[in-house]
Amino acid sequence: MLEARQACSGATGRNGGHTKAASYRSFLSHERELGLAEAVKIARTEYDNIIATHDLARKFGIDCASVICPTVDIIFSRTQLMLGKKAIERMRQIMGEDDPAADYKIYTAEEARERFKSPDALGAFEYTAGSLSAYAFTTGILKLALAQGLNLQTTTPAEGLAWSSDPKGGTWRVQTPRGRINTSNLILATNGYTAHLLPRFQGLIVPLHGQVVAQRPGSRLPQHGLTHTYSFIHETGYEYMMTRPSTAINAGDIVIGGGLHQLPNDGATRYGETDDSDLEPSIQKYLRECTPRFFGENWGRDHDAGRIKREWSGIMGASADSLPYVGAVPEVAPGLWMSCSFNGHGMVWCLKSAEALVGMMTGDEAEQKVIRHWFPQSSVVTADRMKAKFTGRKDLRAPGETEFGERAKL
């Protein structure tokens with residue numbers, strides 16, 4: 001395993017650890033574009049990924065502040081509220097109200113303001129999510145793999161790929177500053193940096209710069225952590241927020257990210273950016289100041305030590321159709337595989353995508369059939385999918401909204 005920098009030094013190590021799907025926000029567009037069966041499969045895979053991630057941490061005793069907890073979307077837009085309700089009603093109708101992936105509770109404005117301490121809420125949606133330390137979880141998985149023989153080479157970037165045929169079928173050659181590696185099977189888990197090694201993914205997987213801020217809670221918020229994780233949904237765009245649980249280091253600290261919608265064209269200038277050492281000043285200012293507005297008088301006074309503790313950024317990978325690319329890379333020599341482009345939602349895609357990929361690589365026909373049954377085939381990389389062109393992140397739009405800003409009819 002090659003890592004260009006230190007282990008877990010990219011976006012996964014830098015996010016707030018929010019395992020949250022919000023599947024209702026994409027369900028209607030998935031149904032329209034991919035079909036009802038695929039929309040259901042995506043929603044269930046996202047939910048299953050959340051549960052499996054926390055189960056894995058518990059099974060192997062990974063100390064990563066893992067908690068399954070309720071989450072809430074605070075809605076500030078009447079359009080978003082209306083479309084969200086329609087999407088949830090559709091999921092309940094199709095999947096059944098007893099399906100955990102379709103289990104949402106809808107709150108009125110008055111209920112949301114009282115229960116979730118956000119005085120400007122027009123309504124709210126509550127459902128199951130969770131949080132963990134993404135860094136501690138990932139390094140915990142790496143330790144388990146190292147104990148079973150993984151050879152992990154950090155500060156070793158892959159500089160280029162090449163195929164070399166030979167009488168046995170051929171090998172992939174990976175060039176690094178420290179030498180060359182030959183392998184019959186090569187997996188790219190390069191997310192926003194994929195096009196550097198596979199130029200054909202230029203415009204298919206677009207790097208996207210995002211950032212978060214860690215804050216101390218105001219005096220009127222629970223100092224050992226809110227019971228819910230949060231998202232704040234606007235007419236376009238959103239913020240996502242979790243608090244470190246009471247049993248974790250830095251208990252009660254708030255980590256909030258997002259803010260792209262504050263920039264022109266929903267943050268178009270952040271697309272294509274691969275340098276995660278800088279912070280965009282407008283987003284930095286917005287994320288520093290938004291929490292007291294969201295909670296109003298329920299925020300109280302800032303902490304005596306100050307509101308802001310740390311802030312950082314990470315590079316995500318955004319795909320042309322807002323779904324991951326998982327499987328064998330088409331129209332190249334055999335043995336090149338990928339699991340990439342999670343559109344900022346890796347915490348609800350990565351684990352099940354890896355499970356599916358390994359099955360595709362090693363399983364017999366019976367196992368392949370099982371994988372096709374549960375894993376969304378719309379997320380398998382194909383030549384047809386690679387004809388698409390990136391037009392912006394769909395998750396910044398309202399549920400049921402087309403790429404041109406029009407409202408889809410139910």
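Helices (H or I, at least four residues) and strands (E, at least two) are DSSP runs, numbered from the N terminus. This tour follows a predicted model, in which local features need pLDDT of at least 70, side-chain atom pairs count only at pLDDT 80 or more, and totals for chains, interfaces and linings use all residues. Residues are numbered from 1 along each chain as its sequence is written, and side-chain values use heavy atoms, leaving out hydrogens and water.

**Stop 1: the whole chain.** Show it as a cartoon. Look for 10 helices and 15 strands. Along the principal axes, the C-alpha atoms fill a box of roughly 70 × 50 × 45 Å.

**Stop 2: inside and outside.** Colour by accessible area. Buried residues (under 20% relative accessible area, 1.4 Å probe, protein chains only) make up 52% of the 410 residues. The chain exposes about 18800 Å², with 51% of it supplied by carbon and sulfur atoms. Such areas come from the Shrake-Rupley method with a 1.4 Å probe.

**Stop 3: the charges.** You get 46 positive and 46 negative side chains. The centres of the two sets lie 2 Å apart. Each charge is placed at NZ of Lys, CZ of Arg, CG of Asp or CD of Glu.

**Stop 4: His 30.** Select residues 24-34. This is helix α2, and His 30 lies in it. Is His 30 buried or exposed? His 30 is buried, because its relative accessible area is 9%. Now show its contacts (heavy atoms within 4.5 Å). Not counting residues up to four places away in sequence, His 30 touches Gly 35, Ala 39, Ile 42 and Leu 323.

How values were computed: Buried means under 20% relative accessible area, exposed over 50%, partly exposed in between (1.4 Å probe, protein chains only). Lys and Arg count as positive and Asp and Glu as negative; His and the chain ends are not counted.
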